[in-house]
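Biologist: I would like to learn how to read a few features of a structure like this one. Could you take me through them?

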Amino acid sequence: MNFDLSGELTALRRRVREFMDTRVLPRESEIVSQDRVRDDHSLLALQAEARSEGLWTPHLPTELGGLGLGITGMCVLFREMGRSPVGARIFNCDAPDQGNMDLLLRVGSEAQKARYLAPLAAGEITSAFCMTEPAPGAGADPSNLRSSATPDADSFIIDGHKWYSTGGGDAAFLIVMARTSDDLENGATMFLVDRDAEGVEHVRDVPIMSEPLLTHREAELRFHRVRVGKDAVLGDVGDGFRLAQARLVPARLTHCMRWLGWADRVLEMCKAYVSTRRSFGKELGRHQLVQQMIAENALGIHAGNLMTHHCASMLEAGADKEARPYSSMCKLHVARVLCKTLDDAIQMHGGLGFSDDLPFAQWYRAARAARIADGPDEVHQVVIARDFLLGRLNLLV
Ligand SMILES: Cc1cc2nc3c(=O)[nH]c(=O)nc-3n(C[C@H](O)[C@H](O)[C@H](O)COP(=O)(O)OP(=O)(O)OC[C@H]3O[C@@H](n4cnc5c(N)ncnc54)[C@H](O)[C@@H]3O)c2cc1C
């Protein structure tokens with residue numbers, strides 16, 4: 001196994017790291033406070049800088065203004081961008097837009113790409129992915145899908161109720177999963193729906209544990225007899241569940257990449273504090289119980305990094321189906337590591353860690369969603385155990 005990066009990727013990584021260190025991190029809190037009052041001028045300014053530096057949408061092919069990186073290349077850059085919760089947005093590769101771009105690129109028609117992918121890639125609009133519904137609808141178990149799309153002449157009529165459609169309030173378009181038949185495997189279809197189409201109601205942004213950030217506002221939406229043409233179908237009728245898997249496997253891996261960068265930064269911040277703060281006659285970092293926290297989190301981040309690289313290499317080799325349980329392992333592990341690193345960072349910083357003078361408390365509230373979004377821990381455990389018992393997991397690759 002070779003973990004050496006190509007010269008080109010090493011240089012790109014250095015440039016993104018430098019951009020993050022010198023331009024993004026110094027303005028991070030400014031961007032967050034502007035966002036609280038829905039002002040985005042610092043964000044837009046940095047996006048323009050990222051674009052002029054040639055670092056914009058690196059995951060996309062060069063024809064669409066990207067860098068044509070494969071998923072292992074994305075791993076390297078997304079970790080750097082993920083060091084700040086505002087980083088991915090600055091380079092236009094944040095969730096859910098990045099996963100939606102990926103899906104449109106793979107299965108969108110030429111007309112759909114021109115209408116939705118091009119402005120999304122240019123950063124002119126944002127999008128949302130609408131699968132989850134309030135109980136008793138689709139959640140951890142997507143087969144509970146209730147929203148429906150009924151054929152009517154040359155169109156479909158969508159009725160339904162969604163929530164946790166991240167960014168749905170601000171989005172220009174939505175990818176909506178709806179039931180088109182009762183067939184267990186082929187009963188769902190994805191539709192591209194304009195957010196301002198007649199009958200789409202933005203009920204509210206769901207109040208959540210953490211403060212809303214950029215487009216990460218959790219929209220509740222209702223669809224009242226929304227009429228869309230047959231050309232709004234993404235992929236084919238009946239492909240919804242398969243496309244959702246195809247979108248989610250790489251999308252959850254890109255979450256892992258960003259979370260690894262974030263956790264690594266948190267641990268570096270801990271290093272700075274425990275190396276200087278003295279307690280009982282020596283620096284905190286010389287107390288073994290503090291060292292234990294540092295070691296456990298270092299271990300978790302490094303293991304998560306290797307798991308993510310391994311799974312990315314499977315996707316790059318086209319082994320999408322085989323990669324699924326490995327992506328579940330990555331997602332489960334890295335989400336836990338992120339939460340644990342932040343919890344321990346609060347602990348290692350004592351009262352300062354619990355205060356809002358440092359960002360850990362705020363970050364912890366946001367990071368907690370990692371163990372629920374894109375499938376809760378338990379569902380990933382089910383997948384891992386099932387595939388292990390079926391002999392589909394090779395633990396000692
Ligand atoms: C911040 C955030 C952003 C999100 N963004 C999006 C988005 O953009 N688009 C979208 O469509 N959805 C989004 N979601 C929704 C997310 O995918 C769902 O919350 C998740 O799939 C769980 O579904 P649920 O909330 O309905 O929980 P439920 O299905 O009600 O499950 C509740 C709990 O039951 C347990 N559980 C469920 N199944 C099992 C099982 N088989 N074995 C053991 N325990 C189990 C788990 O602990 C689970 O957390 C987001 C969620 C969050 C928190």
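Modeller: Gladly, and keep in mind that this is a predicted model. The peptide bond from Ala95 to Pro96 is cis, with omega near -5°.

Biologist: Where is Pro136 found?

Modeller: Pro136 sits in the loop between E1 and strand E2 (148–152). The bond that joins Ala135 to Pro136 is cis, with omega near 10°.

Biologist: Now to backbone angles. What is the phi of Leu214?

Modeller: Leu214 has a phi near 50°, a positive value in a residue other than glycine. Look for Leu214 in the loop between strand E6 (200–205) and strand E7 (218–229).

Biologist: Is Asp374 buried or exposed?

Modeller: A residue counts as buried if 20 or more other C-beta atoms lie within 10 Å of its own. Asp374 has 21, so Asp374 is buried. Asp374 also has a positive phi, about 60°, although it is not a glycine. Its place is the loop between helix H11 (360–367) and H12.

Biologist: How far apart are the end C-alpha atoms of H12?

Modeller: They are 18 Å apart, and at 1.5 Å a residue the 13 residues of H12 should span 18 Å, so the two agree. Just after H12, Gly391 takes a positive phi of about 75°.

Biologist: And the ligand: which residues come nearest?

Modeller: Of the 22 residues around the ligand, those are Met131, Gly139, Ala140, Pro376 and Glu378. Strand E1 (127–130), strand E3 (155–166) and helix H12 (377–389) each give two or more residues to this shell. By class, the shell has 13 nonpolar, 5 polar and 4 charged residues.

Methods:
Residues numbered from 1 in each chain as written. Predicted model: local features only at pLDDT ≥ 70, side-chain atom pairs only at ≥ 80, totals over all residues. Near = placed C-beta within 6 Å. Helix = DSSP H or I, 4+ residues; strand = E, 2+ residues; numbered from the N terminus. Nonpolar A, V, L, I, M, F, W, Y, C, P; charged D, E, K, R; others polar. Expected span 1.5 Å × (residues − 1). Buried ≥ 20, exposed ≤ 12 C-beta atoms within 10 Å, placed from the backbone.
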